[in-house]
Structures are given as structure tokens and as C-alpha cells.
Amino acid sequence: MRRESSTITVDLATTSQTIDGFGCSFAFQRANLIANMADTTKQRALLDLLFNTTTGAGLSIIRNGIGSSPDSSSDHMNTFAPADPGSPTAEPTYAWDGKDSGQVFVSKEAYDTYGVRQIYGDAWSAPGYMKSNGNENNGGTLCGVTGTNCRTGDWRQAFADYLVQYVKFYAEAGVPVTRLGFLNEPEFSPGYASMNSNGAQAADFIKILYASLEAANLTSQVGIGCCESEGWGNQVNMVNAIKSAGAESMLSTVTSHTYTGGPSGPMNTRVPVWLSEQCDLNGGWSTAWYQFGGAGEGLTWANNIYSALVSYNVSGYLYWEGVQWPSPATNEKMIRVDQQEPYNYEVAKRLWAFANWSRFVRPGAVRVKSEGGQGVKSAAFRNVDGSVAVVVISTGASASNVGIKVNGGEAAPTEATAWVTDQTHDCAQTNATVADGSVNGSVAARSITTFHIPAPPAPPAAKREAGRRSWRFV
């Protein structure tokens, strides 16, 4: 029996947020799994899985951890200023190893080989001697922010200088840092690197960090991100306090997690919002696409990204760890990698759920209106190069035929490709046709299918002008 096609209508003239990208973290020495791998063939295979826009996930954001630990034992992130200089105004002694727990290697590969341009450095804590508890662990606050009275003095400027120096070290390695954060889950005080802050205290430090970046002529390159709250509700409160303190305009990104609660609506801010750390911390390791709708399954993550972008206007979406060793056997990573030869690895379908978004919805894309279709939900984006990506997710156990009509463009589509991830496909090309200006294809049951429509050919006059411009600058 032939399935009737339903129509998805895309309106390029009705726009929403700009997309910064999709990514993951390599904090807590996870990057070393790749950087220290003796098997260079598998090392390249892992990098391709993460960043290749043709064969992998095409991730476009890296979130690195800025170290605060005096050592590198276990999975500690070592500081490059381990020695207490004695006072906040004393000259620090830097001990930069050029590796940063493997994060320099992974970031440089991503930047040079795969064109990743969003490199986010985030500090879980200041070095312990800058904090009220004298320890990088167990919370504590940065000495000098509102509400603290540390006998060692005010360390706000010293910490800002430390973060600026981090940016300079990465620049020397050929990796431009574009986002800089100074907190992670500031309402939480675990026995690992952590630092407490409320919104007023964050605003206090944002002003100093912004001035420090300005003094270093870095504000055109580096934007401040805040505050990596454990849950959306706390992030809302922190943003409100930052706005009240007049510091919202100094932010480039608002960052939040959803471990203790997700969004109920878009964040009330003019600043782009990232869900900057998401994962399933509780479920046992799973590579499944769909079994019963579990928290670690690939289809669940395809839907999670959809909700974030469409319902809550999120601009960036990051999984927690890109790679991690087998223990703990949870879904906090997308690729499970053995630490010893032969370096076996296993890829979760979560990575391929990301691929259907990240490979086709590129940084700078603008979300546009998309509606219609039966048995599916859709999201549409216009990329900087003029191409259009329409991401379609099946909402049930039956396949659906869809036709996609694009309105508001310079010309009707004349060609398109389609890419599917489901139980048996990993962002694999599938059939798509174009007839009478409509892109047509099938969306498999419980799948995510992305239709990519190239930009229409430039008219002859524009081609001649582009050719003249190219000739002038050769």
C-alpha cells in the first residue's frame, strides 16, 4: 500500500535564533585518550568520528577544562600556576606544559584539520590559594567577590589575569580561544574541582574579567560565558542577578546544564544560550538507537536537541564527554575508549544523533519557521552559505513520506540530499528527489532524517562579479 506524502513548509523569512554549534567536552584528562594514543590510525579514526563533517559527527564546539589542581593524579586538571605567590598582587610563576592534559592536541587538530572555530575554555575552580576554603575542591568562593572576607586578600584580578594567560598560552599553540568561563555548577560543592557563586558574585567577577580581556585587546576574539549551573532554574536566577548588576552586556554566552531541572521556557536574556553539558549519568552504557525510550538511547538525544533548539531557542548544544574510558560504565560519553592497546573503542548512537544536526546545521545558521507533516516533527535552518537543512524526526513506529516546500528563497530547490540515522544507519545517505520545487523523501520509523538543500546557483552577473573579486585578491 502506497503511503501518501504530507507537506512540511519552510518559511525562510520567519527567523529565530542563530546557531553557534554542537559539541562536547574533553575535560578531566579525557583528551589524553586521543592525544596519547600510540595507534595513529585509531587516533585519526576517533578524531574523524568527532569532527569530520563528511564521515563523522561534524562537531563544531569544544569545551575544555581550565585546570586548578596542583597535580595530575587520577583525572585531575593541573593548574599552570601551582605555587601560591604569597599575595594577590605578587607575580605568579607559570608552569605551562604545552599539553594541558591532551586538550591542546585535540583542540589544534579540531582547529587545523576540521575547521572547528568555537573553542571554549571553562574553569571548574580557581586555584585553591585564591579561594575562601584554600582548596580547589569542595566549593568555596573566589576571594574578593561580594560576601567574602578572606585573610589572604582579594584575588579577583589575579584570577582574571590567570584566565587571560590561559588564552595567551593557547594562542601561542595556534588555537584561538573564543569563549571563556570561570564556573561550573556553582551551586554544587563536590569533592573535586568546584567553586561556589551566586549571581551577584558572578556579576562582580564578570566586570573584572571583561576589563582584563579589554586591556589585553581580546574582546573581539574572546567572549565570556556564564555560569554552567547544575540546573536551568538556578541559571535563570543567576542571569536575573547579572542583569540587575548591569553585567549582561559583558556576556557572550549564557551556559547551563539540566541535571537538576530543565527549561520550562526560553531564558530571559538577549545573550545566546547554550546547554553546555548534557548526558545520561545514571544509565548503564548503551550503544542503542531505540529500545524503550531510555535516557541514553540515540533517538532520545535526537529529540533532546530538537526540544532545546525549537522549544527553548538554545543556540549551542554540548554533550558531556566526547570520549572516556570504560569505567564508569555509564552514558556520560559518546565513545568508549580503552586506555591500553589495542585501543578498542565503541561508538554510541548518541554520536550519530548529533551528526544529523551538526553536520548540516553549521555555525552561524539561523533557525527558520517549519511546520506541517504527519507523523513527524521538523526544524529548519538556513546556513551562512545559503544552504537549507531540514531536520525531520519520526514521532512514531511508522515510516512517513514527506514533501518539503521552501518559501521565501531566491529560487525553488532543484537538488537535495537526505541522511538518516536509525537502528541500522549512521547518518547514511538515503533517497531524496526534487519535483516541481518540492523536496521529497521517506522518514523511517523512529529515525532522524536530515534533508540538505544546497544554495541556489548564483545568477550569471553575481558569478562574474565574484570572479572579478577573486582575481583582484589572488
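Modeller: With handedness. A crossing is right-handed if the near helix is turned clockwise from the far one by less than a right angle, and left-handed if anticlockwise. Keep in mind that this is a predicted model.

Biologist: Which hand has the crossing of H4 and H5?

Modeller: H4 and H5 cross in the right-handed sense. The contact involves residues of both helices. H4 brings Arg156, Gln157, Phe159, Ala160, Asp161, Leu163 and Val164. H5 brings Asp204, Phe205, Ile208, Leu209, Ser212 and Leu213.

Biologist: What describes two packed helices?

Modeller: The angle between their axes and the distance between the axes. Here the axes of H4 (residues 156-172) and H5 come within 9 Å. They cross at roughly 50 degrees. The two helices are therefore oblique to each other.

Biologist: Now H6. Which of its residues are buried?

Modeller: Buried means under 20% relative accessible area. In H6 that holds for Trp232, Gln235, Met238, Val239 and Ile242. Seen down the helix axis, these buried residues fall within an arc of 115 degrees, so they line one face of H6.

Biologist: How many residues has H6, and how far does it reach?

Modeller: H6 spans residues 232-244, 13 residues in total. From first C-alpha to last it reaches 18 Å, close to the 18 Å expected at 1.5 Å a residue. Just after H6, glycine 246 takes a positive phi of about 75 degrees.

Notes. Residues numbered from 1 in each chain as written. Predicted model: local features only at pLDDT ≥ 70, side-chain atom pairs only at ≥ 80, totals over all residues. Heavy atoms only, no water. Helix = DSSP H or I, 4+ residues; strand = E, 2+ residues; numbered from the N terminus. Expected span 1.5 Å × (residues − 1). Buried < 20%, exposed > 50% of the residue type's maximum accessible area, 1.4 Å probe, protein only. Arc of directions from axis to C-beta. Axes fitted to C-alpha atoms, helices over the stretch in contact; angles between N-to-C directions. Parallel < 35°, antiparallel > 145°, perpendicular 65-115°, else oblique. Contact = heavy atoms within 4.5 Å.
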